[in-house]
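This report goes through selected sites of one structure, heading by heading. The sequence and the structure come first.

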Amino acid sequence: MQKFFGLNVTGKVDKETLDVMRQPRCGVPDVAWFSTMPGGSIWRTHNLTYRVVSYTPYLPRSAVDDVFEKAFQLWSDFSPLTFTKIFSGEADIMISFLRGDHGDNNPFDGPGDRLAHAFAPGPRLGGDAHFDVDETWTVEPWTEDYSRYNLLYAAAHEFGHSLGLGHSSDISSLMYPTYQLTSEVLLGEDDVNGIQSLYGEKQRPPINPSIRKTVIAPKVCDRDLTFNAVTTVRGEIMFFKDRFYIRPMNNYLEEEVNYISVFWSHLPSEIDAAYEFQEEDIVLFFKGSKYWVVQELNELAGYPKDIYSSFGFPRTVKKIDAAASDEYTGKTYFFVADQYWRYDERQRSMDEGYPKMIADDFPGIGDKIDAAFYKNGIFYFFHGTEQYNFNPKTKEVRVLRTNSWFNC
Ligand SMILES: [Zn+2]
Ligand SMILES: [Zn+2]
């Protein structure tokens with residue numbers, strides 16, 4: 001990760017390659033966007049049965065049973081399918097924890113790498129899901145060290161195959177071929193489209209819509225794209241939206257969209273503001289009245305801290321909309337509603353005479369800002385789908401769309 005920022009991309013070893021090399025994955029072969037399993041088989045009934053044939057030694061049986069029930073529920077929330085657990089005989093979906101070569105030409109490989117696989121709908125092996133018994137399965141959130149694996153995430157993915165879905169190239173999809181670091185296991189938009197293309201919509205959606213939450217990754221060329229925050233990171237621009245970051249790419253590669261947690265697992269989603277202070281090689285992230293600090297790309301311990309004691313904001317400030325730092329003067333600008341504060345990084349104190357009105361000192365950029373950064377003498381402000389490039393010396397403003405940074 002450290003090597004990645006601030007290096008020229010050669011096009012040979014890109015981030016994607018590194019991720020795939022390092023990330024544990026599903027053993028079902030790759031295909032693109034939401035896809036169906038080879039052969040396009042689906043179940044002819046909507047009322048399916050499953051049976052847990054064997055268990056992992058790392059979790060109590062009741063915990064494993066709960067996980068599988070929850071994993072099926074993720075899919076039944078968005079489809080007409082129902083899942084009933086049986087305790088003997090042949091179920092549609094037989095679930096087993098198995099070791100090494102287990103007789104289906106898909107041998108497991110001990111800890112790491114291949115964690116599980118599942119078969120497309122059909123008789124016998126069809127629909128069955130196999131988990132590598134040599135993995136340390138857990139109900140804890142997905143961890144960075146890649147030595148313990150969240151069973152719910154893996155099961156929800158494998159059951160997608162059991163229902164007839166192949167892999168998806170949408171990073172926010174559960175059917176993405178490598179397991180992603182994420183705090184909450186939810187179907188992505190693409191998973192919902194996939195399962196509904198096979199089985200249709202749920203006839204009677206649940207009364208509480210919150211249990212039908214999905215993850216939607218930002219689409220860089222969406223005309224309605226907005227940002228929560230933007231900052232430079234070692235001089236390179238990084239946009240933040242929900243639980244994702246977007247990095248504009250150079251001529252060699254496409255934009256990169258991935259979970260923030262891939263880099264910084266402790267940061268919250270929906271960051272309000274972020275800025276870089278290059279002198280100390282730090283990046284600060286703000287949400288509500290709290291902030292987190294990353295130094296030399298590593299998350300510092302002891303955070304989050306509050307913005308009142310650290311920066312001297314009055315308690316009336318509940319959140320910061322945007323922040324931008326000028327590395328030459330060491331001044332950081334905080335934008336809150338229609339006002340802004342100026343903070344002196346070297347003195348570590350708020351400058352006198354603030355807050356001031358945004359409209360007075362930054363004419364032409366509107367009176368509300370979502371995200372901002374400062375680079376080479378220009379402030380870049382984002383509001384809704386608009387971007388305002390502001391030259392503080394001449395007060396000139398250029399208006400562009402937010403996604404002018406991407407190859408659209
Ligand atoms: Zn898979
Ligand atoms: Zn198998």
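## The disulfide

Cys408 is exposed, since its relative accessible area is 60% (accessibility is computed with a 1.4 Å probe on protein chains only, buried being under 20% relative accessible area, exposed over 50%, and partly exposed in between). This is a predicted model, in which local features need pLDDT of at least 70 and side-chain atom pairs count only at pLDDT 80 or more, while totals for chains, interfaces and linings use all residues. Residues are numbered from 1 along each chain as its sequence is written, chains are lettered from A and ligands numbered from 1 in the order in which they are written, and side-chain values use heavy atoms, with hydrogens and water left out.

The partner of Cys408 is Cys221, and the sulfur atoms of the two residues are 2.1 Å apart in a disulfide (a pair of cysteine sulfur atoms within 2.5 Å). A search of the whole structure finds 1 disulfide. The link of Cys221 and Cys408 is left-handed, with -95 degrees about the S-S bond. Cys221 belongs to the loop between α4 (189–199) and β9 (229–233) and Cys408 to the segment after β26 (397–401), so the pair ties together parts that are 187 residues apart in sequence; here helices (H or I, at least four residues) and strands (E, at least two) are DSSP runs, numbered from the N terminus. Cys221 counts as partly exposed, at 39% relative accessibility.

## The zinc site

Which protein atoms are the donors of the zinc ion (ligand 2)? They are His102 (NE2), Asp104 (OD), His117 (NE2) and His130 (ND1), lying 1.9 to 2.0 Å from the ion, where donors are N, O and S atoms within 2.8 Å of the metal (3.2 Å for Na, K and Ca), and where sites may look incomplete as water is not among the atoms. The site is tetrahedral, with angles of 95 to 116 degrees among its 4 donor atoms; four donors count as tetrahedral if all angles lie between 85 and 135 degrees. The ideal angle for four tetrahedral donors is 109.5 degrees.

In sequence, the donor residues follow the spacing H-x1-D-x12-H-x12-H. His102 is found in the loop between β4 (93–98) and β5 (114–118), whereas His117 is in strand β5, so the pair ties together parts that are 15 residues apart in sequence. His102 is buried, with a relative accessible area of 19%, and His117 is buried as well, with a value of 5%.

## Two annotated residues

An unreviewed UniProt entry places the feature "binding site" at Glu135; such positions are given in the numbering used here, feature names are shortened, and annotations may be inferred rather than shown by experiment. Glu135 sits in the loop between β6 (129–132) and β7 (136–138) and counts as buried, at 1% relative accessibility. A polar atom of the Glu135 side chain lies 2.8 Å from the backbone nitrogen of Gly112.

Tyr303 is placed in the loop between β16 (298–299) and β17 (305–306), and with a relative accessible area of 23% it is partly exposed. Beyond residues up to four places away in sequence, Tyr303 touches Tyr291, Trp292 and Val293.

The buried residues of α4 are Asp190, Asp191, Val192, Gly194, Ile195, Leu198 and Tyr199, and they pack against α2 (61–76). Just after α4, Gly200 takes a positive phi of about 85 degrees.

Ser172 lies in the loop between α3 (151–162) and α4 and counts as buried, at 2% relative accessibility. The side chains of Ser172 and Asp170 are joined by a polar contact of 2.8 Å, that is, a pair of N or O atoms within 3.5 Å, of which, within protein, one must be able to donate a hydrogen and the other to accept it, residues adjacent in sequence counting only if both atoms are side-chain atoms. The residues that Ser172 touches, leaving aside those up to four places away in sequence, include Asp191, Ala217 and Phe244.

## Strand β19

Phe335 lies in strand β19 (residues 331–336) and counts as buried, at 0% relative accessibility. Among the residues touched by Phe335, not counting those up to four places away in sequence, are Ile320, Tyr340, Phe362 and Phe381.

Definitions and conventions:
Contact = heavy atoms within 4.5 Å. Tetrahedral: all angles 85-135°; square planar, octahedral: opposite > 155°, others 65-115°.
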